[in-house]
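Please look at the sequence and the model below, and then read the short report that follows.

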Amino acid sequence: MAVRLGCIADDFTGATDLANNLVRAGMRVIQLIDVPQGGAEQPLDADAVVIALKSRTTPASDAVAASLRALEWLRAAGAEQIYFKYCSTFDSTRAGNIGPVTEALMDALGTDFTVATPAFPDNGRTVFKGHLFVGDVLLSESGMRHHPLTPMTDSNLVSVLGAQTKRPVGLIDHSVVAAGADEIARRVETLRAQGVGAAIVDAVSNDDLVRLGAAVKGLPLVTAGSGLAIGLPANWGFEPSPAAAELPAPGGHQAVISGSVSSATNGQVREFLRGGRPAFRVDPLRVAAGEDVAGQALAFAAAQLAEGPVLVYSTEAPDAVKDVQGHLGVAEAGELVEQTLARVARGLVELGVRQLVVAGGETSGAVVQALGVTGLRIGPQIDPGVPWCAAALPGGDTLHITLKSGNFGGPGFFTTSFDRLDGETA
Ligand code: ADP
């Protein structure tokens, strides 16, 4: 077993999304949270490794440094091709970070050409004539134009990437992509001869991504959203197979921690409560008043865990959240809740929970850090983009965990996810 593909993702949930796509295309995948301190254990038992960074909105020089550290680690682990993964809405500022990171990786790899495409048709992200569409509208007309950190006001990715790079940026348009892998490869050679360093590639369907995947076989570096992942594993002979998603057999108690306040998560909490299942609500105002709310949640859970999944949640409807934020401040309320739920997660694991559902992107980060989890083996998909994972706890036990960001998952997610785990492994 050798690592074929080494991936550098600019945020955590994006990393999981990529890992999930690679697993579904037949690769066995490990996701690492940040670059490990030591070198790679040899040989690593995975076909692909995804390193999750937090480099999307950091200063460009920090993003470059972190990405180069990840590159070094992945090459030492034996990766034959590098995949720089960014958001399918090409989230970046005018200063970067997609362009500077791409060029730094090219320089380090000694390559003069790469491709760039955030296309992910399954999620409504398509690229045509170099313009990115989000659903039916151009990126610049989508909600992304108002993003607080990375407002995207230009849909023309050739100009967006061109403004972030020293190298000329070109286009491989859909007529070429539709003509097949050989035609794409020929266009790559033409652009390369013209001195183009990176080419935006059109893709409006999964077939386009599969053709592109075949054409970029052997390129040292590809850059993309998570969509291109469906087209790469075949280059090493991988085919979709349930074996790629195999995890160790699950054991222990089951619990759900929810710190997301998105509407999908509100629905999932309501559905869980409707089933009459045990649930403990974390009230941020009581935490702020100095009550030991985490301790109360754990005492509640301890009495119930033997009967089935227990939910601990701070999830509230938007009005109630605004009210809390008005009292405590937005950042302070968030931090207080995250720290409380992280303590609850640690306590639940001490109580014997070994199957854990976590809802909320920031909440997931806090929980994973509190548990000392540094890597995840990616298992079967529960709902689109959300897989079960297996993590080694510092004591050596295995924890099955799924990290669901905001609006992912169907209404029954907090119970059906456990059924899915029992059905897939064992
Ligand atoms: P999502 O993926 O849905 O955005 P996150 O966990 O990333 O979820 O973000 C939710 C944020 O809201 C976190 O910082 C969390 O601590 C905070 N939060 C959760 N519950 C409450 C609440 N009842 N009042 C105020 N803030 C909350």
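## Basis of the model

This is a predicted model, in which local features need pLDDT of at least 70 and side-chain atom pairs count only at pLDDT 80 or more, while totals for chains, interfaces and linings use all residues. Residues are numbered from 1 along each chain as its sequence is written, and side-chain values use heavy atoms, with hydrogens and water left out.

## The protein chain

Of the 426 residues of the protein chain, 56% count as buried, a word that here means under 20% relative accessible area (1.4 Å probe, protein chains only). The C-alpha atoms fill a box of roughly 70 × 45 × 35 Å along the principal axes.

## Around the ligand

The ligand is surrounded by 18 residues, and the closest are Ser260, Glu338, Glu362, Thr363 and Gly406; a residue is near a molecule if one of its heavy atoms lies within 4 Å of it. By class, this shell holds five nonpolar, 10 polar and three charged residues.

An N or O atom in the side chain of Thr363 lies 2.6 Å from an oxygen atom of the ligand, and a backbone N or O atom of Gly361 lies 2.9 Å from an oxygen atom of the ligand. The protein covers 85% of the 580 Å² of accessible area that the ligand has on its own.

Notes
A polar contact is a pair of N or O atoms within 3.5 Å; within protein, one must be able to donate a hydrogen and the other to accept it, and residues adjacent in sequence count only if both atoms are side-chain atoms. Accessible areas come from the Shrake-Rupley method with a 1.4 Å probe; for residues, only the protein chains shown count as cover. Ala, Val, Leu, Ile, Met, Phe, Trp, Tyr, Cys and Pro count as nonpolar, Asp, Glu, Lys and Arg as charged, and the others, Gly among them, as polar. Buried means under 20% relative accessible area, exposed over 50%, partly exposed in between (1.4 Å probe, protein chains only).
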